Amino acid sequence: MATNESKLSTARVSRRAFNKGVASATGAGLALGSGIAPAFAQGKRELIYGMWGGAVGNLSPVIRHDNQAGILIYNIFDGLVRPNYAKGTIEPWMAEGWTNPDPLTWRVKIREGVKWQKGYGELTAADVAYTFQVHFDTKSWQVNTSYPQVESFKTDGKYVFEVKLKQPFGAFPGITIGYGGMIIPESAHREMGNDTFSLNPVGNGPYMLESVIGSEVILAKNPDYWRPGLPHMDRVVVRSFPDASVRLQSLLKGEVDFLTHPDNKDVPEVAANPDFVTHSTPGWNWDYQHFNLSANQDMAYHDKLVRQAISYAIDREAIKNEIYHGQATETDNSIPPGFLGHRESLLKYPKNGDLAKAKELMAQAGVAGYEVEVMCSDKDWLRRELELVAAMVSQIGINYKIRNLDIGTFNNLWINNHEDFQQMLEDITIVAPDPHATVFWFLHSEGSVSSGYSNSEVDELLENAMATSDPATRAGYYHKVVDQTLEDCSLIYHVNANFTRVHSKGLEGFEPAPQEYIERMDEIRWKA
Amino acid sequence: MNTLAYLARRIVQIPVVLIVTTLTIFIVVRATPGDPVELMLGMQTSPDAVQAVREKFHLDKPLYQQYLIWLGDVIRGDLGSSIRLNRPVSQMLGERLIVSLQLATAAMLFALLISIPLGIVAAIWRNTWVDYGATGYMVLGFSIPNFALALILIYVFAVELDWFPISGIGSSTSRGGGVWAFVSPFILPAVALGTVQTAYFGRLLRSSMIDVLGQDYIRTAHAKGLKPAVVIAVHALKNAMIPFVTMVAIHFGYMIGIQITIEYIFAIPGMGLAVLTAVVNRDFPVVQGFTLVIAIFFLVTNIIADVLYTFLDPRIRY
């Protein structure tokens, strides 16, 4: 199960949180005022959705987009497959089914009768092939994320798309036609060109883009949607609110009906408000410590005993409570709930740590203590988390010198694996619904975001998992990988942070996703 | 030099100032670490993908060429496209400039409504409790940061009293409909943004009025038996307004550039927030395009202020 929905109790919300929040520079802690349901919206078929962040743009699935745009894209387009978060499986969607006649061939049957919006005809295998070709022609980011195993592709009739791979790839449904399975209509894209299409996307999903003005996006119901009776809303208005507390207050005042990303400290109070429903869902993400193992060979952290000691010194529950106000799940491994291969969130390291064991490991490593520079980006919660972690590891003699960087500088240093950083704390949202994405990219010695970690046994297990289609067999390989990395601690995981959504109690039919960029609004509706 | 010649000189200076400003911004933004392409494409990116985007935005070219390409495009009326949002900068500007102008206008109206009576009464009843009250307000207006005031306003007038909405500027869908639905979202942000201006303008008008009220011609007007209200309105205020009006013009341009905090708190899709986001994301075309427009705005409002001087005070010659 990927979700852990909490529909909360009946106590009325006070305004105390606001009073606390006024002291904060950004308005953190703005009021949880008396919950006023947007009664005037009852019976309407319009939803006003309060999104985090600022302006949105680039609404084409074939150009790299941010998470906010992803929320819109995943309502304008229906992909080839769709994760079933409850079952932890990948299910047919625009692809009715797929077969794997030999290890290198996948044949995908496209659903018949699905229409593109705005009269651009029927979705066919030709559109799928065209979309893949656009990615390769434009050298999009998907070439390296979803299609690195793709050797060639072709159509076989109007509704069959066939892919030949360079090597067997068991994650094909989740990654190649999952994360990489958003399809665009050839006719509309050719007519408009890549850039214009991103401003005026034509999809096959429940909603069509009506307008983008400033930080407000209006989606209108797709009258030709392939699922009868859906979507329930005639219009979804997406408004961006940079400040979490103001976003929440706007919901409580009835200015919006639905919001994402409230400030975690406000969640318990709003969750207790009977006029609203709060979904706090463990996210597909990690907060983790990353050691630059490709450089700084003289640093003590190259000894895995030291890294284990650090992991034992971490009180993950304290991080969950102090930084995330309880809206997170402690974890010590790379496969979050809802993923193939997930067993437990904590497999080896106690949630409160084990200081005695940590000191014992430091002694065993012969390291009395050392100083290391640990960088993190300008994300407020990560800065605070790093301060907390620094206090924890100081108890075993390690002095974390904190280096706060703006996100641009930070990304430049770690993504390019520059030698001039030693260690970092970061959070990652996992984009593809398959453990290959969570594990291979980070832990294989040739993974694109490898920390420099290299273990031939892990490499072999990951390659075997990649070459296997049977989910049970793949899961077994991933279990072994996780066990080995718990021993090696090349990355030290802290928590899976929850994604929180709050909406009026008048709404029903919303299924929260553990992925930050997916908010399915097709089945959400106002209660009769 | 007559006014027309002065104006011509100022207008000729505009391109030079704009080139210096945009070149400075261009160098500063690019000198800051962080690659906009990698920020946009994220961590799972092939060198080919990075290179393709760099070529599209001319980021693969030497710096001086990048600037010249941008400048050439600007002269042709093309401000380029946002790297992160893939939207034309001119389109973003069009949407956001209107919002910023609306907010600045609302804040300025509030500032004038408060500061003019405040400055007048403080000057007329100088060193009385009226003056102390007015100057006390002005000190408070100067002292309170606009983000703190914004939060207090939200708490009192949106949360507790529920008189005004928190957000809705720039939205075509504010609930309620009609003129009030359009106007009401401006009220709290305008007060938060304009309060410091009320203090500044109030003090300016107070001191200017005190100065004028001590002039001989005011004494003469009183001696002629004119009603005090006429002396104040016709003889004193008119002359006291000369520095005031020009400062209002200058501050209107200034208000466009200081809205960021207010835009952030009230979720207003204005220019400040767009620039801030663009700087964080190293979205060079947006930073440059918006900076260019803000600079033009400053220059134009300054020229208007200079021209206003000559109209309001015929003794002034350039």
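With which side chain does the side chain of Thr260(A) make a polar contact? The partner is the side chain of His261(A), at 3.1 Å. A polar contact is a pair of N or O atoms within 3.5 Å; within protein, one must be able to donate a hydrogen and the other to accept it, and residues adjacent in sequence count only if both atoms are side-chain atoms.

The model is predicted: local features need pLDDT of at least 70, side-chain atom pairs count only at pLDDT 80 or more, and totals for chains, interfaces and linings use all residues. Residues are numbered from 1 along each chain as its sequence is written, chains are lettered from A and ligands numbered from 1 in the order in which they are written, and side-chain values use heavy atoms, with hydrogens and water left out.

Thr260(A) belongs to strand S11 (residues 258-260) of chain A. Strands (E, at least two residues) and helices (H or I, at least four) are DSSP runs, numbered from the N terminus. The relative accessible area of Thr260(A) is 1%, so the residue is buried. Buried means under 20%, exposed over 50%, and partly exposed in between (1.4 Å probe, protein chains only). Beyond its neighbours within four places in sequence, Thr260(A) is in contact (heavy atoms within 4.5 Å) with residues including Tyr49(A), Trp52(A), Arg247(A) and Glu519(A).

The largest nonpolar core has 255 residues. Such a core is a set of buried Ala, Val, Leu, Ile, Met, Phe, Trp, Tyr and Cys residues joined through side-chain atoms within 4.5 Å. Helix H5 (residues 89-124) of chain B gives the largest share of this core, 13 residues. Among the residues with the most contacts inside the core are Tyr370(A), Trp414(A) and Phe266(B). Leaving aside neighbours within four places in sequence, Phe266(B) is in contact with Ile154(B), Leu188(B) and Pro189(B), among others.

Rings of Phe, Tyr and Trp (its six-membered ring) pair if their centres lie within 6.5 Å; planes under 30 degrees apart count as stacked, over 60 as edge-to-face and the rest as tilted. Tyr85(A) and Trp284(A) have ring centres 5.6 Å apart and planes at 75°, so this pair is edge-to-face. The pair ties together parts that are 199 residues apart in sequence. Tyr85(A) is buried at 1% relative accessible area, and Trp284(A) is buried at 3%. Trp163(B) and Phe164(B) also form an edge-to-face pair, 6.4 Å centre to centre and 90° between the planes. Trp163(B) is exposed, at 51%, whereas Phe164(B) is buried, at 15%.
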